[in-house]
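Please look through the structure shown below, and keep its sequence at hand while reading. The paragraphs that follow lead from one part to the next.

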Amino acid sequence: MHRLAPAALSLLLASSIAQAQPTAAEPAPAGAEVVITADRMLDVRSGRMVERPQLHVRNGRIVEIGRAGDAVPAGAKRVDLAGMTLLPGLIDMHVHLDSDPTYGGYSGLQFNDRFWSMITVPNAHKTLMAGFTTVRNVGADAWNDVGLRQAIDEGKVVGPRVVTAGHSFGATGGHCDSTYFPPSMDEKNAFNADGADEARRAVRTLRKYGAQVIKICATGGVFSRNTEPGQQQLSYDEMKSIVDDAHMMGLKVAAHAHGAAGIKDAIRAGVDTIEHASLIDDQGIALAKKHGAWLSMDIYNTEYTQSEGKKNGVLEDNLRKDREIAEIQRQGFKRAHAAGVKMVYGTDAGVHPHGDNGKQFDVMVRYGMTPLQAIQSATVNAAQALARDDVGVLEAGRFADLVAVPGDPTKNVELLESIPVVVKGGAVVKDAR
């Protein structure tokens, strides 16, 4: 999603906003021990259900996983989740925490630029309470996501672990540029890249100021003006220069790419994750499988956009584009999954309300995945796509980020739409049993 006008970064989140949010769980003192027990735990690698697990946690990370009744350290804090099934904390690979879908079209212009910095705080809280303990924020205005990540990491506000892109960028006049205003207003994305040299400079500048992933717009989009989703905007050479520079510095690249030609050039250029992939064709599916590119396909949010978008001020031209590609995207998802393409969980939250991230699981199952495969897309697959070995799986050495639900989510994935217990770093941040 790309908003109409840039917002200025709030260097310090307003204390009144932070204080309005529920207080974060107090971090455990150094060396503190926690023991978590439950009825079952899902091993997301194998799909096997482990009975009566016991997780030993120290300093926010899992030390070992045994069985209930095993010896525990003296003085350890106990968290008994009787009757519950444990899963790793969920990962959403495509969110926009400084966006609010209830403001569409030009309606967001009623607010001061600082407004968009402030709403990251409640949006992050809603996301964590929904069970998403890690998210990848693929595009924000004014470094809002970087400031939010720093505030969360410092314990000032409550939220998930955030992987930040800073600004997303593309070509002048394309999706990711500012396309809603007349020339007299001179609105533009400061990172527009027209040519390989400008693209490399954008990558280096974004990394300098806090980007942990590079997000580019390879094709037109739904929620921009004067672009069509199928139109390619960045050339292969431009994308190749972006990927080469990012990979050289250890960063992954995500490409917004609806159109078939742009998808294929992004994959050939070495892009790591293809976002949306709405109009992917059979050649694109074959290329994704050959090159090992991950697809992050937001196949839930159109239900919200079509039912609520007009009321929220979304322009008819944007709703028209959304209608035209919605079912095509879902069928592409079904074909790509059947072909064995690697898939991760990405919702584009910000286009739909934050906190509703879990509603996509059921849609993924309706379009061909098993519940376990959908869960894997938001856990072990997402961790692999992020090149992270500290999230996404419940095993020794990783963060004690987990969720707990009643029943078996591999039989009823809708359990993940309303998660009663969330633990981040061994601290219970939600218990609504």
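By the rule for sulfur pairs, to how many disulfides does the count come? The count comes to one disulfide, where a disulfide is taken as a pair of cysteine sulfur atoms within 2.5 Å. This is a predicted model, in which local features need pLDDT of at least 70 and side-chain atom pairs count only at pLDDT 80 or more, while totals for chains, interfaces and linings use all residues. Residues are numbered from 1 along each chain as its sequence is written, and side-chain values use heavy atoms, with hydrogens and water left out.

The disulfide joins Cys 176 to Cys 217, with an S to S distance of 1.9 Å. The two cysteines belong to distant parts of the chain, 41 residues apart: Cys 176 lies in the loop between strand E8 (161-164) and helix H5 (196-208), and Cys 217 in strand E9. Here helices (H or I, at least four residues) and strands (E, at least two) are DSSP runs, numbered from the N terminus. Both Cys 176 and Cys 217 are buried, a word used for under 20% relative accessible area, with exposed meaning over 50% and partly exposed in between (1.4 Å probe, protein chains only).

Strand E9 leads on to a sheet. Cys 217 stands opposite His 256 in E10, and five bridges join E9 to strand E10 (residues 252-257) in a parallel run; two strands are said to pair if DSSP finds at least two bridges between them. The open sheet has five strands in the order E9-E10-E11-E12-E13, with parallel pairing. Its edge strands, each pairing on one side only, are strand E9 (213-217) and strand E13 (342-344).

Nine of its ten residues are buried, so E1 is largely enclosed by the rest of the structure. With strand E3 (residues 53-58), E1 runs antiparallel and is joined by five bridges, whereas E1 and strand E5 (residues 77-88) pair in the parallel sense over seven bridges. Val 35 has a bridge partner in each of these strands, namely His 56 in E3 and Arg 78 in E5. E1 also pairs with strand E2 (residues 49-51), in the antiparallel sense and over three bridges, and there the partner of Arg 40 is Glu 51. The hairpin of E1 and E2 has six residues between the strands, and in this hairpin Gly 47 takes a positive phi near 85°.

Aromatic rings come next. Twelve aromatic pairs are found in a search of the whole structure, where rings of Phe, Tyr and Trp (its six-membered ring) pair if their centres lie within 6.5 Å, and planes under 30 degrees apart count as stacked, over 60 as edge-to-face and the rest as tilted. One of the pairs is formed by Tyr 103 and Trp 116, edge-to-face at 6.2 Å centre to centre with 85° between the planes. Because Tyr 103 lies in the loop between strand E6 (90-95) and helix H2 (114-118) and Trp 116 in helix H2, this pair ties together parts that are 13 residues apart in sequence. Tyr 103 is partly exposed, at a relative accessible area of 26%, while Trp 116 counts as buried at 4%. Ring pairs link Tyr 103, Phe 111, Phe 115 and Trp 116 into a cluster.
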